[in-house]
Each structure stands twice: as structure tokens, then as C-alpha cells.
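Please read the following report alongside the sequence and the coordinates. It takes up confidence, the contact between chains, and a few selected elements in turn.

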Amino acid sequence: MGRNLTLENLTKRYGTLTAVDRVNLEIKEGEFICFLGPSGCGKTTILRMITGFETVTDGKVIFEGKVINHLIPQKREFGIVFQSYALFPNMTVEENIAFGLKMRKMNPKAISKRVDQMLDLVGLRDWRTLFPAQLSGGQQQRVALVRALAPDPQVLLLDEPLSALDAKIRVRLRAEVKRLQQELKKTMIYVTHDQEEALSIADRVVVMEKGQFRQVGKPIDIYKCPSSDFVADFVGTSNFFKGLRTHDRVQTGPWEFEIAQAGPSQQGKVVLAIRPEKIEVFRPGEPANHLRVSNLVPGKIDVVTFLGAAVRLVVNINGEEVISDVIEKEFEQRGLKQGEDILLYFPPEAFLVYPEGEVAA
Amino acid sequence: MNPPSSSSLPFSRDKMITGIAMVLFLAMLTFFLLYPVVDICRLSFLKEGKLTFENYLTYFTSPRIFRSFTNSLYVSLLTMIITTVTAFFFAYGLTRTTMPGKGVFYTISTLPLIAPTIIQALALILLFGRNGLITRYLLGTDWNIYGATGIIIGECLYCFPNALFILYTTLSAVDTRLDEAAQSLGASALKTFWKVTLPSAKYGIASAAALTFNLTITDFGIPVVIGGNYSVLATEIVSQVFGLQRFDLGATISVILLIPSISAFVINYYLTRKSYALISGQARPFLQPSRPLKKWGFTVYCGLICSCILIVFATVFLGAFVKTWPYDFSLTLKHFDFPSLGAHAPLWTSFWISVLPEGTFRTMIAYKYAPIWTSLLVSIVVAIVGASLTLLAGYIIEKKKPKGEQILYTLSVLPAAIPGVVMGLGYVLAFNKPYFFIYGTIWIIIINIVISNFTLGVLTSIANLKQIDKSIEEAAVSLGSGPVSTFTKVVFPLSRVAFFSTATFFFMRAMTTISAVIFLISATIKLAAIEIIFLDVDGRTASANAMCTVVVAIVVGALLVMRLATGRSALGGMVSSKQPG
């Protein structure tokens, strides 16, 4: 088995409320796993059951082939990084890092060597004698990261570690965490509600909702082939249309879209999803003859938002809002403007089709 | 959104340690708090070994004793009204006007806390007594202040800071933008005050009133010195027990006193919670400059009240140093040579004998100052033990949340509801037994003071621990730290300031408390604060003043040491987390 961490039918109930509902997952040694979901979905509860701070109602947490449900947190030797950093305010940077080593009764020489090593890992050697309050948020979280890594934990658990930081520092630290993980080949379990963070950092992403796993997979698969309309909505941005399907046609509002999805053909009520960057924009009169007329819809640009490399258009089609992303360069060249009448094209192969029901779009 | 914190963590050793501590605390509070009080209730229903209501009948049918009940209510209600109103406007001045000298006013208003309550009575007697400076010497009138008037004025001065803290916190928490909004909608200043300011502070006002009522009805020091023949419940208990050896009637009056004092405490407790719930976390906008009339009106008003407080202290200090008040104002130290009262403090005595040269000075310090040294020793022990125990109890209640945590919390908060005199009598009844070996030693006094003041210590500790992020402890645990090292290396260092301010509070209470310990002193073990009363009763008023001065000096000394040690004012940190700007 190696140092694999397995969750088997793991369940947590608070009275009648089920926070985590029979989840199963095998995390391989050295893997970077990310739990992604909206707040209250149970992702932090899973993390806390792995750390031992939360009791397990049902099911098992298995590490190295042994059930560790009843092992106290001190004995699990898992490192934890908290959202609030949780540095000891009464200790300096180096004392913070040395704390876990002292608790494991390492000899002083080995401790100071290890502390140096850790400080170098995040480039904070010059800050060693300062107290946490004297550091910026980003620096504090770096200290918290190496403090957790110092005792060489079997697994590192990170609970929304970057949520309290500014957007720019967040992106930089995210890269640093990824680099550390690749260098140290440490198993990391990372909890976040930020889908961009999850997709950019993890080997595998677990999308959670209401205490259950909705999809487990590589970031690219989750983005390209969301298994449900919830995932399609939560990971990235999607436009949704409710409709009635007959073979490769879906009737939604006044339109009948042609779709080109293989696989089990759900008939009847469905939800169509399409990513904003997949929708093509034409000005009236531009050549569009090669396109399927059924998927060409007239609309009017309501709102224009610059996102940087792309421009986001909110287009009103027959009273419904559709989001469409256009590359900035293209937007400039074609001189698209707010209030303008345009045509939207929904390529049949870009539609994802889900049965209607479980999640409202 | 984090799930509710779980109470059933699988830390076996941690759980065991918490469990043991919890049982010890419950045992301690049951034995030293509940048992004495229950014993009093039991005795009040007994007459020659039989269960009866006779004691209550005796109390309510003998007008001479029953008077103490109506007297107590009269005095407490009047004090409550006067103190709440004056303290409200003082707090208003501090929070809602741009008058100068707010810091000075605030500091002076806290002074009554550092002295025994009798200081108010001593000063009033010096100024308005039979030989009062103002009544006899300046006005030549026969009117004097003994009786209800004296008690009420004294209690008002003593209760003032306590009421002020509540009102100050309330008024600084209520958003002043509400006032501004009302005024921008066209309400006049007076109308704004009546329709917006006052209603928004209603819980704070009621809570301050309830607290004042509780403090007054349970106080013993002021009525015993200035009451004269005007008996109140607290003094009646003591005179029934000491004067007439009527323990049963003392117990009965204690139970009667418990009813209004516990009610007032419960009301205060719930209203404080309500009033804190109203506090908005929003930052207060800049106060617009007050109109000159308002500004200077409040300055004069606050100045007057502060002068009264300062005059009390100045009078007693002066009274300690002049030959014969109010006729001969030449200075002397002779009143500090206290009459030998038979008190013993053997350790201190041998200490002073070994360090001082022989002579009358050594005799004075080594023998006659014995009550002071006993008080000092008791206060130091109480400070350390009280602060440690309340920190631990707070930690268990706030962070560990074991089963039965609510019971521990209730028992910890209860002491504030029980009048000192009742606690003292309860200790006599419960522990004055031959097999109870610590009775008659300083240890029973130490235990009594720690238990009587447990409430504020625990509440301070809880408030402080609430501010420590739960993750910090979890971080320590995840790094391999056990329950003991988590507490000593992380929790305790982060609670240091709260620990010191609680220790200061316990020290102050031990130095100045009178009501409970008056039952527990003996012929050889005496305390400085109690000596003030005995000296005064003996007619040695000047020596009483001197003793009071010594007590205040020791408390001020302790406050200064604490300030140096922690770099902040212990008094300010303890009574209120917010200092005026």
C-alpha cells in the first residue's frame, strides 16, 4: 500500500445534519490533492477528520494500511497549515519553526540546522528573529508553511491557506506551494473554495457539494468535461439553458439548438451548458453562411467588462443573459460596442448536456 | 462556514487531565461556595433542632429588627437612582462631548476601587460628623451626617466607578452616527437625546442600576461606620451574630438579604449580555466639536464629581497626619503608631527583628504592624492562587468545553451574587468545627477571598481566551505538543496580561475587603482593612485614617509594580477593555 491515505465511506454527522456523506478516495504518496467546493460543503470537515481534530461518525481514515480513526492528532504526524496562519504570537519566526522539532525532542544542533534549512526554503533567513506581528500576511503564511514542514510530516494538510491574502500575493504563494510540493514530493491535501486556485495547483481535484464528491479528476478533465451542471457552474463559468431533448435537437425557449454530444442520449428534460469562450460572436452582415442556422441567435450587447486578456460580454438574447468571452485583440479589431446588435453562435460540439434535476442552473 | 466545534475529541490524555481538573474545580466550589450558603439556609429554618419558620416570624414581627429590611431597600434604591443618573451624565461627557481632560477624569473616577469602602464613610465623618470640619468648625451647626444620609452619600461615591464602567462601555459602543442621523433629520439636540441616545443605552442603564443596588445592599463597611443607629441588613447580621450570639437570626437575615442581592445580580447579568449584543463592531466616526456651553458644562460637571472623589482621599490622608482634627492641624506621624492589638504575624515579626535595629521603630513595625503584614501576605497568596485558578477554570470552560461545563460556569459566576457578609457567616457555620483544621488560620481567609471574587477572575479569563484563535492551539497539537505543554508554552504566554490584571484585582480585593472576612479573623490573625473598623469603633479615628492610608498606599504600590511589569495599567485593563481616547 505504501504511504497512501484512504478515505473509506467517511461520514460526519452533527445531530441530524450530515456534513460529510460516505465519501471514498485513495490519495497516493506524493500526490497533490485539492478539495474544492463552496463554503459549507464539508471539505474542511474532511480535512479535520484526517488531522484528528474532528471525530469520525462513520467510515474509516486509513493511512499506510492502518485505520487511524482513533489516533490522537499528535500521533498522526500530519502537518497542518491554517487559514489564519495560527503562528504563535509570543515566539519569533525561528522559535515557531523549531516548536514542532522541540516537541519531538530533537537535539538542539539538529534543530538549528533544520530551522536554517526551512528558512532558506522560503527565503526568510533575514527575518528569523522577528515576531509574527512584524511580518506581512504573505511572510507569515510562509513561516506557517515551513513550520508545518519542519518535522517532516507524512502528509501536509492545508486549510484554505491563501484565502486571507491579497490577490497578487495569493497567486505568487500558490506557485511557491506548488514548487515546494514538487521539490519535496510530499503528499499534500489542499482545501479551497477558489476554483482557479484548485485547477492551477493540484494533480487531482475533488469537487464537493453538500457533503458529497461530485467529481474527482485532473484539473483539465474537470474543466473540459464537468460531470454535472453543478461542476460546470462551480468550476469556471458556464451558460445554462433548460430544454427538451429529442435526439440531437434541444428545444429551449424559442430556439432549437443542434447538439453533437455522444454517449448516453438522455431524452426529455435536459440542461445545456456552454463555456463563455466557446461562444462565437458575429456582427450582422459578417459571413456566417458555413454555420448551422439553428444555433445562430441574435442579441444585443448589454455590458462590457475588461478581464485583461479577454473581454467579457453580457449579451441579451430574448430577455435572457448570456456570457460570452472574446479575446481582447479580436474585440478591438472588430470594434464591438455596448448596445450593439450582434449574432451569437453556439457550436453544437461545445454544448455539454446534463439531465435536469439535481441542481438548478 | 466551519462546523460547530466538536466537544468529543479523541485525545485520551487530554480528556483525562481536563476531567480531573473539572472534578477538582467542581468539588472546590461545591465545598467552599455552595455548602456554606446551603448551611445558612438550613440553619435559618431550624430552632432547637426542629424545622420551623419561627426565625422568619421573629424577624418580620420585631419592628426593631425588621427595620433593617426597609432601611436597606430605602438606602439601596436611592443610591441606585442617584448613582445611575450622575454616572450616566459623566459617561456621556466622556463619550459624546469634546470636553478636555477626559483621561484625567476617567482615571480619577476609578479611584474608589483601590480603597476599602469605609474610606468614604471616614471622609464624610471627618467633614460632616459630630466633630466635622465643615459642620462643627466652619458652620458651627449640630447637624451631622450619621444615618441614612451618610450611608447614601458614601455608597454613591463607592458605587460610582462600577456604574460608570458599564455606562461608559454602553455609550461608547452605541453608534454615534445614530445621533447624527437624527439631527440631520431635523431633531433638536434635546429631542435626539431623549428619543435616540437614551433608548439605545437602556440596557446599560438598567444594568448599571442593578449593579449599584446589589453593591449597596450587600455593603457592610460604610453603614457600620457612618450608619449610627440606622441598621441595614448587612450590619444587622453582624450585630445579631457578634453582639447577641444569635446565629439563627443572623442566618435568617442572610437568607432575606440573599433574595434582593441575587435578583439584582441576575438582572444585571442578563442585561449586560443584552447590552453587549447591541454593540456594533463599526468604528466610531470622528466626534463633531461640542458647542461651547455643552463642552464647558460637562467639564464643570465632571470636574465637580472628580473633586468629590479626590476630597475623600485627601481628607482621609490629611486626617491621618494631623494632630487633632479639626482643631489642631499640625502634622504628626503618631497616628501611624497603632495601638498594640494582640495580632501575630510570627514570620514577619522575626523577619523584621532580624533586619531592623532595636528600638521603638522596630517594635512598631515588627509587632504593631502585624495586621498589615498579615494582609499583605494574604493578598499576595490570594493574587497568585486566585489568578491561576481562574485562568485555569476559564480555560476549561472556554476552550475545553467538557461535559458539565455549564455547571462549572454557573458556579464560577455565582460568588458575585452572594453578599460578603453572608459568605462570611456561612464559613463560620460550615467550617467552625474541630475537625476542620484550617479554620482559624489565614488559609480559610485566603480561600474565602479567592472564592468570593472568583466571578470577575473567570470572566476576565474567558474574555481573554475568546480572543485566542482556536487554530493556534490546534497548530501546537498538530506539531506534537501535549495538553500540558500546549497550556504552558502557548496558552499561558498569550494570557499573561490577563493573568496579571486578574492578579492585581485579587490583590486589591484582598487588601480592601471587609464584609466576608470580618467573621474569619481571630484574636491573633487580623487584617488591615478590618482594623480600620475596630480602630474607628474604639474612637481612634485618626489611627483608622492612618490604617486606611497604609492600605491605599500598598494597593497603589502594587498597581505601580504591575504597571511596570506589564507595561500597561492593570486597573484599566481589568475593569474595561476600552480606555477613553
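## Confidence of the model

Chain B has an average pLDDT of 86, with 92% of its residues scoring at least 70, where pLDDT is the predictor's confidence in each residue on a scale from 0 to 100. This is a predicted model, in which local features need a pLDDT of at least 70 and side-chain atom pairs count only at pLDDT 80 or more, while totals for chains, interfaces and linings use all residues. Residues are numbered from 1 along each chain as its sequence is written, and chains are lettered from A and ligands numbered from 1 in the order in which they are written.

Among the elements of chain B, the lowest mean pLDDT, 46, belongs to helix 27 (residues 570-575) of chain B, and the highest, 94, to helix 20 (residues 442-452) of chain B; helices (H or I, at least four residues) and strands (E, at least two) are DSSP runs numbered from the N terminus. Over residues 572-581 of chain B the pLDDT is below 50. Residues 1-10 of chain B likewise stay under 50. For the complex, the predictor gives an ipTM of 0.79 and a pTM of 0.81.

## Contact between the chains

On the side of chain B, 25 residues are in contact with 29 residues of chain A, a contact being two residues whose C-beta atoms, placed from the backbone, lie within 7 Å. Helix 22 (470-478) and helix 23 (483-494) of chain B each supply at least two residues of this side, and the largest share, 6 residues, comes from helix 22 of chain B.

## A covered helix in chain B

Helix 19 (residues 420-431) of chain B has 12 residues and reaches 16 Å from its first C-alpha to its last, close to the 16 Å expected at 1.5 Å a residue, the expected span being 1.5 Å times one less than the number of residues. Helix 19 of chain B is mostly covered, with 11 of its 12 residues buried; a residue is buried if 20 or more other C-beta atoms lie within 10 Å of its own, exposed if 12 or fewer, and partly exposed in between, with C-beta atoms placed from the backbone. Among the buried residues are M423(B), Y427(B) and F431(B).

## A strand pair in chain A

Strand 20 (residues 352-355) of chain A has a covered face, formed by L352(A) and Y354(A), and an uncovered one, formed by V353(A) and P355(A). Strand 14 (residues 268-274) of chain A runs antiparallel to strand 20 of chain A and is joined to it by 4 bridges, where two strands pair if DSSP finds at least two bridges between them. Y354(A) is the bridge partner of V271(A).
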